[in-house]
Amino acid sequence: MREALDLARHAETLDEVPVGALVVRHGMVIARAMNRQVGDRDATHHAELLALSEAAARIGDARLSGCTLFVTLEPCAMCAGAIVLSRVDRLVFGAWDEKAGMCGSVGDLVRHPRLNHRAEVRGGVLAEECGQLLTEFFRARRAFVDSPSASV
């Protein structure tokens, strides 16, 4: 999770929402990614999707059996769906997302009983540190938007 946090911090330097993700298989990191929605001008370029895509390319299979996805923020519906479809064995995330999280907060897509695959989930790993990074990022953005110079 610390490496995912480093990726999230790097994303922040690029004015991206600070979320980092990595995929581990057999104890080795096989993919790393951070949010790239702003830079790539693509709403689907969440860290989780990019990491899953890189991992699939690296192992040559869309099914990521035996893999664990680490991410600094609870995945949204889009990313949770990709986790199910890629058949990731385990998801470990940092901060809970009470507004959009689909791995236990708003809903629980990754463990839905009617789906053919359910990931093991562990949330709240380094939650305070992951959450603080996001809180500070959005606080700074609100302060900029609310500043007199932003209206010029």
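These legends describe close-up views of a predicted model.

**View 1. The largest nonpolar core of the model holds 48 residues.**
Val23, Leu52, Leu69, Ile83, Leu91 and Val110 have the most contacts inside this core. Helices H1 (2–13), H3 (47–59), H4 (77–86) and H5 (127–146) each give two or more residues. So do strands S1 (20–25), S2 (28–34), S3 (67–73) and S4 (90–95). H3 supplies the largest share, seven residues. In soluble globular proteins, nonpolar side chains tend to be buried together.

**View 2. Val110 is among the core residues with the most contacts.**
Its neighbours within four places in sequence are left aside here. The contacts of Val110 then include Ala80, Ile83 and Val84. Met102 and Cys103 also touch Val110. His117, Arg118, Ala119 and Val121 complete the list. One of these partners, Ile83, is itself among the core residues with the most contacts.

**View 3. Helix H3 carries a run of buried residues.**
Ala47, Glu48, Leu49, Leu50, Ala51 and Leu52 are buried in H3. Ala55 and Ala56 are buried in H3 as well. The cover over the buried residues of H3 includes strands S1, S2 and S3. Helix H4 is also part of that cover. An α-helix has 3.6 residues a turn, so residues three or four places apart point the same way. The length of H3 agrees with expectation, because its 13 residues should span 18 Å at 1.5 Å a residue and its end C-alpha atoms are 18 Å apart. Just after the helix comes Gly60, with a positive phi of about 75°.

**View 4. Strand S1 pairs with both S2 and S3.**
Five of the six residues of S1 are buried, so the rest of the structure largely encloses this strand. S1 and S2 run antiparallel and are joined by six bridges. Val23 has Ala31 of S2 as its bridge partner. Two residues lie between the strands in the hairpin of S1 and S2. In that hairpin, His26 takes a positive phi near 50°. S1 and S3 also run antiparallel, with five bridges between them. Here Arg25 has Cys67 of S3 as its bridge partner. In a regular strand the side chains alternate between the two faces of the sheet.

**View 5. The cysteines form zero disulfides.**
A disulfide needs the two sulfur atoms within 2.5 Å. Cys79 is buried, at 0% relative accessibility. For Cys130, the closest cysteine sulfur belongs to Cys103. That sulfur is 14 Å away, too far for a bond. Cys130 counts as buried too, at 1% relative accessibility.

**View 6. A salt bridge joins Glu129 and Arg2.**
The N to O distance in this pair is 2.6 Å. Glu129 lies in helix H5 and Arg2 in helix H1, so the pair links distant parts of the chain, 127 residues apart. Glu129 is partly exposed, at 31% relative accessibility. Arg2 is also partly exposed, at 48%. Both residues belong to a network of salt bridges that also takes in Asp6 and Arg9. Side chains of opposite charge can pair when their charged atoms come close.

**View 7. Further salt bridges join Glu120 to Arg90 and Asp108 to Arg111.**
Which strands hold Glu120 and Arg90? Glu120 sits in strand S5 (residues 120–122) and Arg90 in strand S4. These two residues are 30 residues apart and link distant parts of the chain. Their N to O distance is 3.2 Å. Glu120 is partly exposed at 48% relative accessibility, and Arg90 at 26%. In the pair of Asp108 and Arg111, the closest N and O atoms are 2.8 Å apart. Asp108 is partly exposed at 26% relative accessibility. Arg111 is partly exposed at 33%. A search of the whole structure finds nine salt bridges.

Notes. Residues are numbered from 1 along each chain as its sequence is written. This is a predicted model: local features need pLDDT of at least 70, side-chain atom pairs count only at pLDDT 80 or more; totals for chains, interfaces and linings use all residues. Side-chain values use heavy atoms; hydrogens and water are left out. A nonpolar core is a set of buried Ala, Val, Leu, Ile, Met, Phe, Trp, Tyr and Cys residues joined through side-chain atoms within 4.5 Å. Buried means under 20% relative accessible area, exposed over 50%, partly exposed in between (1.4 Å probe, protein chains only). Helices (H or I, at least four residues) and strands (E, at least two) are DSSP runs, numbered from the N terminus. Contact means heavy atoms within 4.5 Å. The expected span of a helix is 1.5 Å times one less than its number of residues. Two strands pair if DSSP finds at least two bridges between them. A salt bridge is a side-chain nitrogen of Lys or Arg within 4 Å of a carboxyl oxygen of Asp or Glu.
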